[in-house]
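Notebook open. I want the overall build first noted, then a handful of residues looked up one by one.

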Amino acid sequence: MANIEIDTPNFRRLDDGEHLSAKIRSGGLDYEVYFKTRNGPICIGVEPFLALGLLPAMRRGQGLRVAHPVSSLLLSHLQLLQARFAQADPRLRIIKVTAEAESPPQPLSERRVGVFFSGGVDSFFTLLERHDEITDLIFVHGFDIPLTSHQLHRVALQNAQDVAGHMGKHLIQVETNLRHFGDRHVDWGEHLYGPALAAVAHLLSPQIRRAFIPGEYLGSSRLVASRLDIDPLWTTEMVQILHHGHDVTRFEKLGRIGSHPLVRRSLRVCWENRNGRFNCGICSKCLRNMAALRAHGILEQVKTFEHPLDLGALSRITLPWQLPHIAEGLREILSRVEREGSDPELASALRGCIHERYHRSRFYGPRRILRSLLTRLWPSKAS
Ligand SMILES: [Zn+2]
């Protein structure tokens, strides 16, 4: 079976920063993947591209061939890393990685500690919890904000600069087109998000000795992209990668960070940005976060939501049955609101959403998949 192949990376120093790219060959196509920053130094190694290529290879059951030597520590973790991914998601297969091990360079002594910062609940929580240790905020363009969304990127970047400035931290901006390759092979939220963060941590290893990946509380969900038992296995001799905050629910996190003035003026939860809005206020994620903030009694103080919470829209959101932690999060809010008895309208909207939508989608979701499978196997009998 054909391999996914990663060429030797090409490092360039540009007028406005540093640039690392590599060609990844997959399915007869060549993808030129790059990372760029004006806040160097960056690495010249292949580890960022290995992190990007592993899950697509596992998803396709193809070997991964790397033309450039790889950190021996990372290489020694790959078997266990793959085993954990495959255990969490049977669609991922353990594949052969062909690469030479490299003796690591001597790390520089005064390197710093970074946290990935999108402006969301998890990144604010990790930043505020570990602010004594963290020196740098890492802001990536090309992950949740598409490279073509210039206006949204400008506002989100200003936001991150504002937070970094007020916290006395250094901001590192990185731009990458890695989703051009990744999205054609795997789902961003399921398989790519964590490896993509690890790739940027590897990229910044000449200046960052430890990188925090802000973790989401997963409850009974089995998301595999970024998890406590997976993220640290991306560590190399140059950069330690840690997963933080997985044990605190979103509702608890908002309760703990919601009084901070920077959170109140900068919180960014939306990844859909409908109508080009910073927090659109109408997508499922906006509505769920707004419900949590309202239950804490601080929604009006968070200035990044322009409109009041639409309870009708909240009661109608669809909760994906394969991500039970989302419904669990809403149940946590509901039990607080019911216990306090202070907001019956919010309680009613939450009940409507959880009991009707979640149970219906949980019932019909697997049936829909079964029906579609049957349709493929026996087209004439289905429907
Ligand atoms: Zn939204």
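Where is Asn273 found? I place Asn273 in the loop between helix 8 (261-266) and helix 9 (284-295). Helices (H or I, at least four residues) and strands (E, at least two) are DSSP runs, numbered from the N terminus.

Ground rules next. I am working on a predicted model, where local features need pLDDT of at least 70, side-chain atom pairs count only at pLDDT 80 or more, and totals for chains, interfaces and linings use all residues. Residues are numbered from 1 along each chain as its sequence is written, and side-chain values use heavy atoms, with hydrogens and water left out.

**Asn273, continued**

I checked the backbone of Asn273. Its phi is near 50°, a positive value in a residue other than glycine. I then looked up the cover. Asn273 counts as buried, at 10% relative accessibility. Buried means under 20% relative accessible area, exposed over 50%, and partly exposed in between (1.4 Å probe, protein chains only).

**Whole protein**

I counted secondary structure: 12 helices and 13 strands. The radius of gyration is 22 Å, close to the 21 Å that the globule rule gives for 383 residues, so the protein is as compact as a globular protein of that length. The radius is taken over C-alpha atoms, and the rule is 2.2 Å times the number of residues to the power 0.38. I noted the extent of the C-alpha trace too: about 65 × 60 × 35 Å along its principal axes.

Burial came next. I get 52% of the 383 residues as buried. For the surface, the protein exposes about 17500 Å², and carbon and sulfur atoms supply 50% of that. Areas come from the Shrake-Rupley method with a 1.4 Å probe; for residues, only the protein chains shown count as cover.

I looked at contacts, meaning heavy atoms within 4.5 Å. Among contacts with a separation of 6 or more, 70% join residues 24 or more positions apart.

Charges: I find 49 positive and 40 negative, with mean positions 6 Å apart. Lys and Arg count as positive and Asp and Glu as negative; His and the chain ends are not counted. Each charge is placed at NZ of Lys, CZ of Arg, CG of Asp or CD of Glu.

**Cysteines**

How many disulfides does the structure hold? I find 0, taking a disulfide as a pair of cysteine sulfur atoms within 2.5 Å. I looked up two cysteines for cover. Cys43 is buried at 9% relative accessible area. Cys286 is buried as well, at 0%.

**Pro41**

I checked the peptide bond from Gly40 to Pro41. It is cis, with omega near 5°. Pro41 lies in the loop between strand 4 (29-37) and helix 1 (47-60).

**His170**

I find His170 in strand 11 (residues 170-176). His170 is partly exposed, at 35% relative accessible area. Leaving aside neighbours within four places in sequence, its contacts are Arg112, Thr135, Asp136 and Leu137.

**Tyr217**

Is Tyr217 buried or partly exposed? I read partly exposed, with a relative accessible area of 35%. Tyr217 sits in the loop between strand 12 (208-214) and strand 13 (240-244). Beyond four places in sequence, I list contacts with His246, Asp247, Val248, Thr249 and His325. From Tyr217 to Arg13, 204 residues apart along the chain, the C-alpha atoms are separated by 40 Å.

**Ala2**

Last entry. Ala2 is in the segment before strand 1 (4-6). I have Ala2 as exposed, at 52% relative accessibility. Neighbours within four places aside, Ala2 is in contact with Gln62 and Gly63. Ala2 and Ile230 are 228 residues apart in sequence and 27 Å apart in space, C-alpha to C-alpha.
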